[in-house]
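Welcome, and please open your viewer. We will go through this structure one selection at a time.

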Amino acid sequence: MQQLVLVVLLLPAVVWSGPEENEGVKYASKCEACKILATELEARLSETGKSHDVIELGYSVDDVKPKKRTEYRKSELRLLESMENVCDRILEYNIHKERKDSTRFAKGMSQTFQTLHGLVDKGVKVDLGIPYELWDKPSAEITQMKTQCETMVENFEDVIEKWYFHKQNEIPLIEYLCVNRVLKGKDHKCLYEALPGLNSDDNTKNDKEEL
């Protein structure tokens, strides 16, 4: 019995090089990159904030003078550890070509690749023009957004630090960093785009009205 071979030609997500307009690559906007950075950093801070550890700060030669003690969740150490490699979390994202707004950047496998993997599992030979083992590697859009994230962290480190110590209980990072700094005076509607079914419509409207 002859094996069915499926050649897929219209999958710009898997093209790794070449001019953007020719290869179908659409890199993340500054709005999209800031949205993901703020989302991932707050998620990381949420994870590290569960610790109730108390740490000692300072140094004494004779160890007689008591060191300063502080809660880890209020410390600079927590911020530094949370920011360290935060942009690496972007590599967990994939491009979901079936979506046209900023939700095209999301974790989990896209519908397209779910379908293609399903075909392979059924014995269909699918030819994308790249080896099968590279199918799930980060796309050009994802690796580029990681670079954007790293640059943004470097350029706005002092802003993030100020928010962490003085404003995090008053204003979300996505508003403090993205709306008020990175995208000040520019289009930031992508920050409020969410997948259907997340019950975010009401919150989105309220956020827009407040801004």
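What share of the 211 residues in the protein chain do buried residues make up? The share is 36%. Keep in mind that this is a predicted model.

**Start with the whole chain.** Colour it by secondary structure and you will find 8 helices and 6 strands. Followed from the N terminus, the elements run β-α-α-β-β-α-β-β-α-β-α-α-α-α. Among contacts between residues at least 6 apart in sequence, 64% join residues at least 24 apart.

**Next, look inside.** In soluble globular proteins, nonpolar side chains tend to be buried together. Here the largest nonpolar core has 37 residues, and Leu 177 and Leu 191 touch the most other members. Elements that give two or more residues to this core include helix 2 (30–48), helix 5 (140–155) and helix 7 (173–182). Helix 2 supplies the largest share, 8 residues.

**Select Leu 177.** Leaving aside residues up to four places away in sequence, Leu 177 touches Cys 34, Leu 37, Phe 156, Val 159, Ile 160 and Val 182.

**Finally, show helix 2 with helix 3.** How far apart are the axes of helix 2 and helix 3? They lie 9 Å apart, and the two helices pack at an angle of about 130°. Helix 2 and helix 3 are therefore oblique to each other, and their crossing is right-handed. To see where they meet, display Leu 41, Arg 44, Leu 45, Ser 46 and Thr 48 in helix 2 against Arg 78, Glu 81, Ser 82 and Met 83 in helix 3.

Conventions:
Residues numbered from 1 in each chain as written. Predicted model: local features only at pLDDT ≥ 70, side-chain atom pairs only at ≥ 80, totals over all residues. Heavy atoms only, no water. Core = buried A, V, L, I, M, F, W, Y, C linked by side-chain atoms within 4.5 Å. Buried < 20%, exposed > 50% of the residue type's maximum accessible area, 1.4 Å probe, protein only. Helix = DSSP H or I, 4+ residues; strand = E, 2+ residues; numbered from the N terminus. Contact = heavy atoms within 4.5 Å. Axes fitted to C-alpha atoms, helices over the stretch in contact; angles between N-to-C directions. Parallel < 35°, antiparallel > 145°, perpendicular 65-115°, else oblique. Left-handed = near helix turned anticlockwise from the far one by under 90°.
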